[in-house]
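Please look at the sequence and the structure below. The text after them walks through a few contacts one by one.

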Amino acid sequence: MPSTTFAPESTPISTIEAIAHEARVGLSATPKTLSPWLFYDEAGSRLFEEITELPEYYLTRTERSIFAAHAGDILQEAARNQGPAGKLTLIELGAGTATKTGILLAAAVRQQGSVVYQPVDVSETALAEATDNILSSIPGVTVRVQVADYTREALPLNRLANTRTLALYIGSSIGNFAPEDARDVLRNLRAQLLPGDTLLLGTDLAPSGGPNTNKTVATLLAAYDDAAGTTAAFNLNVLTRLNRDLGTDFDVENFRHRACWNPTQSRIEMHLESLAAQRIHIPANSSGPALTIDFTQGESIHTENSYKFTTSAVEALLASANFKTTKSWQDPQHLFAVTLATAI
């Protein structure tokens with residue numbers, strides 16, 4: 001019988017205190033920065049869901065198409081050499097609402113009759129939505145959720161008898177981390193897996209300009225600067241959030257969204273560019289006294305990086321965290337890859 005259980009939540013640092021600290025440190029830096037986690041208030045989360053459905057934003061639908069075409073192969077490969085039972089337990093990092101994961105869970109149920117799914121995310125609301133969606137549509141799945149920050153905390157691995165763990169880190173989420181931080185995230189995961197457990201990693205591919213791909217710099221830029229302006233609204237919403245939560249006085253109309261390709265770092269960068277010389281104020285709060293921040297015209301706040309990978313870079317990243325690449329799947333246009341790796 002499908003069931004769901006919520007593990008106890010750890011006591012988080014006050015969200016407002018975290019926002020205050022991030023704004024004070026990031027806006028006082030040179031160059032100015034804000035962490036991308038600030039995007040995801042209620043409005044920002046809704047805007048991101050809209051982004052994933054945009055015609056320019058190929059990432060979500062392309063990864064979904066890979067799962068639709070190859071889910072059975074992925075699950076069979078992950079279960080290979082896992083003993084007589086060959087059963088898998090699936091754990092997902094940063095699960096969100098798990099809209100694509102259902103394809104893999106359905107394949108797991110077909111393969112082994114039932115499956116335990118352990119989604120991990122900082123958002124209890126997203127996990128509740130994911131649980132409702134999965135339990136209502138995929139019989140044979142037991143959901144055990146955990147509200148946690150997988151980048152810093154130990155994962156709540158529920159090890160079941162005669163099963164192996166398949167960890168899912170999909171959606172190209174690894175691309176939001178600088179290379180050394182991406183390695184640390186995977187090392188944190190590896191430290192909690194046993195040799196023979198597996199990881200399925202989703203990565204957006206770098207533009208190659210080769211004859212078999214439509215991945216160009218223009219394709220990338222369109223995905224992060226869509227014609228409808230949804231990504232711009234998503235980026236600018238972080239200033240609205242600071243005004244609401246901290247009492248800052250950003251004039252949002254005096255900033256514009258800018259996306260650019262950094263070929264040296266192999267990443268898309270998102271910035272908020274000041275359209276004029278201006279001054280904003282951060283009121284006194286738990287992180288410190290009142291602060292005045294000056295902007296020159298054209299100066300920007302760097303809000304997000306999205307790293308893009310070659311297949312060799314994916315293999316090197318996995319190897320640096322003690323995983324051995326087993327098999328990789330790509331869409332026909334070579335826009336995106338999902339790679340299965342074994343913990344060694």
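The model is predicted. Begin with helix α6, residues 179-190, and helix α9, residues 311-320. Their axes come within 8 Å and cross at roughly 50°. An angle under 35 degrees would count as roughly parallel, and one from 65 to 115 as roughly perpendicular; α6 and α9 are therefore oblique to each other. The crossing of these two helices is right-handed. On the α6 side, the residues in contact are A182, R183, L186 and R187, and they meet L317, L318 and S320 of α9. Sorted by class, this contact has four nonpolar residues, one polar and two charged.

Now turn to the aromatic rings. The structure holds eleven aromatic pairs. One of them joins Y150 and Y169, with 5.4 Å from centre to centre and 75° between the planes, an edge-to-face arrangement. Y150 sits in the loop between β5 (141-147) and β6 (163-169), while Y169 belongs to strand β6, so the pair links parts of the chain 19 residues apart. Residues under 20% relative accessible area count as buried. Y150, at 14%, is therefore buried, and Y169, at 0%, is buried as well.

A further pair is F250 with F295. Their ring centres are 6.4 Å apart and their planes stand at 65°, so this pair is edge-to-face. F250 lies in the loop between α8 (230-246) and β8 (255-262), and F295 lies in strand β11, 45 residues apart. F250 is buried at 6% relative accessibility, and F295 is buried at 4%.

Finally, F39, Y40, F48, Y57, Y224 and F234 form one aromatic cluster.

Conventions. Residues are numbered from 1 along each chain as its sequence is written. This is a predicted model: local features need pLDDT of at least 70, side-chain atom pairs count only at pLDDT 80 or more; totals for chains, interfaces and linings use all residues. Side-chain values use heavy atoms; hydrogens and water are left out. Axes are lines fitted to C-alpha atoms, for helices over the stretch in contact, and angles run from 0 to 180 degrees between N-to-C directions. Helices (H or I, at least four residues) and strands (E, at least two) are DSSP runs, numbered from the N terminus. Angles under 35 degrees count as roughly parallel, over 145 as roughly antiparallel, 65 to 115 as roughly perpendicular and the rest as oblique. A crossing is left-handed if the near helix is turned anticlockwise from the far one by less than a right angle, and right-handed if clockwise. Contact means heavy atoms within 4.5 Å. Ala, Val, Leu, Ile, Met, Phe, Trp, Tyr, Cys and Pro count as nonpolar, Asp, Glu, Lys and Arg as charged, and the others, Gly among them, as polar. Rings of Phe, Tyr and Trp (its six-membered ring) pair if their centres lie within 6.5 Å; planes under 30 degrees apart count as stacked, over 60 as edge-to-face and the rest as tilted. Buried means under 20% relative accessible area, exposed over 50%, partly exposed in between (1.4 Å probe, protein chains only).
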